[in-house]
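This report concerns helix packing and ligand contacts. Please consult the sequence and the structure shown here.

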Amino acid sequence: MSQILVIGSANADHVMKFEYLPAPGQTLMCREYRLEHGGKGANQAVACARLSQPHSQIDFICHLGQDSVGNDMRQSWIQDGIKSDGITQMAGMGTGTAMIFIGDNGENTIGVAAGANASLLPDDLEQHYALFANAQFLLTQLETPASTVAKALQMAKKLGVTTILNPAPATVLHQDCLKWVDIITPNETEAEALTGVEINHLDDAQLAAQLLHQRGVGIVVITLGSRGAYISSPGFTGLIPALEVQAIDTVAAGDTFNGALVVGLSEGMSIAAAVGFANAASAITATREGAQRAIPYRQEVSNLAPRI
Ligand code: ADP
C-alpha cells in the first residue's frame, strides 16, 4: 500500500466579485460572494485523496483553528478519504483566511491572515514521526513557515522518503532546503524567482532546470500553464503538452497537478506518464470555478483521458 504525506496550509478563501475593485477608502457592494475551502497544502491533499486508488493512504499534517470553518474543512477532507491523525485544531486560534477581491477584468487583490498555519513549527513535526516513517512520498509547499518546510524535507529524506517540493508561492527558500528535495515543481514565476531565469521558451526552462540540478535537485518539473509541463530528469527531458480545454478558472490547477503527479509516481508511473496524468487532472480543475470543489476524482480523469 502506498502512503503519501502532505504537509502545508489550509485557508478559508472569502471570494468577492466586483464590477471594478474598490479604491482605497471606498466601500462597494460585491455582485457575488462565496466561501471556498482552499490553501495550497489542503488543495494538494484533497487532490491526492480524490485521485488515488482506494487502497492508498493520504495523511495531511496541518494546523486549523477551533472554529466552524476549521470543523467543516476537517469533515470534508475525511469524507474525501484523508486520514485525520495529522490534522490539529489549535485552541484559541482561527483557521487561515484569505480575502480575495476579483474585478470583472480579472484584476484581483488578496489579503491573507496565516492564522493557525503560522503555528505549524518544526517541533510539531516530531509528534508525527510515525507518519513520516510510514510514508513513501512527502509533498509540501511554502505557505507554512520556511523552517517547518526545511525540517519536514530533512526528516523525510533521512527516512528514505521521496520528497517533492512545490515552491509556491514564490518566496525565499530556507538555504539548505534544496539538498533534501528529490523533485521540484515550480510554475514559470516560481522558476524565475528561484533561478533568475525568465521563462519564455523551452530553452529557458532547460536553463532554469540545470541551475536547480546544480543545487542538488534530481528531477525538475516546470509547469507552463496551458502549454503543459517541462520535465528535466535523468530518464526523460522535454515538454508534455497540456490538454486542450475551455479554461474558466485556474485556481487550484497547480495544486491538482502536484497531487496528481505524486499519486502517479506512487503507482509506479514513469515521470513522463505521471506528468501526463497530472496535466489531465489539472486541465479538469481549470474548467471549473473554485478551489477544492474544482478538484476532480480519479474516474473523471480516466473518462477524459482513457489511456492514462
Ligand atoms: P499554477 O496554477 O501553479 O500557476 P500553472 O498555471 O503552470 O500552475 O498550471 C499547472 C498545470 O495546470 C499546467 O501544467 C497544466 O497541466 C494545467 N493547466 C493550467 N492552465 C491550463 C489551461 N488553460 N488548459 C489546460 N491545462 C491547464
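The model is predicted, so local features need pLDDT of at least 70 and side-chain atom pairs pLDDT 80 or more, while totals for chains, interfaces and linings use all residues. Residues are numbered from 1 along each chain as its sequence is written, and side-chain values use heavy atoms, without hydrogens and water.

Helix H8 (residues 253–266) and helix H9 (residues 271–286) have axes that come within 7 Å and cross at roughly 145°; axes are lines fitted to C-alpha atoms over the stretch in contact, with angles from 0 to 180 degrees between N-to-C directions. This crossing is right-handed. The contact of H8 with H9 comprises twelve nonpolar, five polar and no charged residues.

Helix H1 (residues 40–51) also packs on H8, with axes within 8 Å and a crossing at roughly 45°. H1 and H8 are therefore oblique to each other, a class that excludes angles under 35, over 145 and from 65 to 115 degrees. The contact of H1 with H8 has five nonpolar, five polar and two charged residues.

The ligand is surrounded by 17 residues (a heavy atom within 4 Å), and Asn187, Thr223, Gly225, Gly228 and Asn279 are the closest. The table lists polar contacts, pairs of N or O atoms within 3.5 Å.

| Residue and polar atom | Ligand atom | Distance |
|---|---|---|
| Asn187, side chain | oxygen | 2.9 Å |
| Thr223, side chain | oxygen | 2.8 Å |
| Gly254, backbone | oxygen | 3.3 Å |

Terms used:
Helix = DSSP H or I, 4+ residues; strand = E, 2+ residues; numbered from the N terminus. Left-handed = near helix turned anticlockwise from the far one by under 90°. Nonpolar A, V, L, I, M, F, W, Y, C, P; charged D, E, K, R; others polar. Polar contact = N/O pair within 3.5 Å; in protein donor to acceptor, adjacent residues only side chain to side chain.
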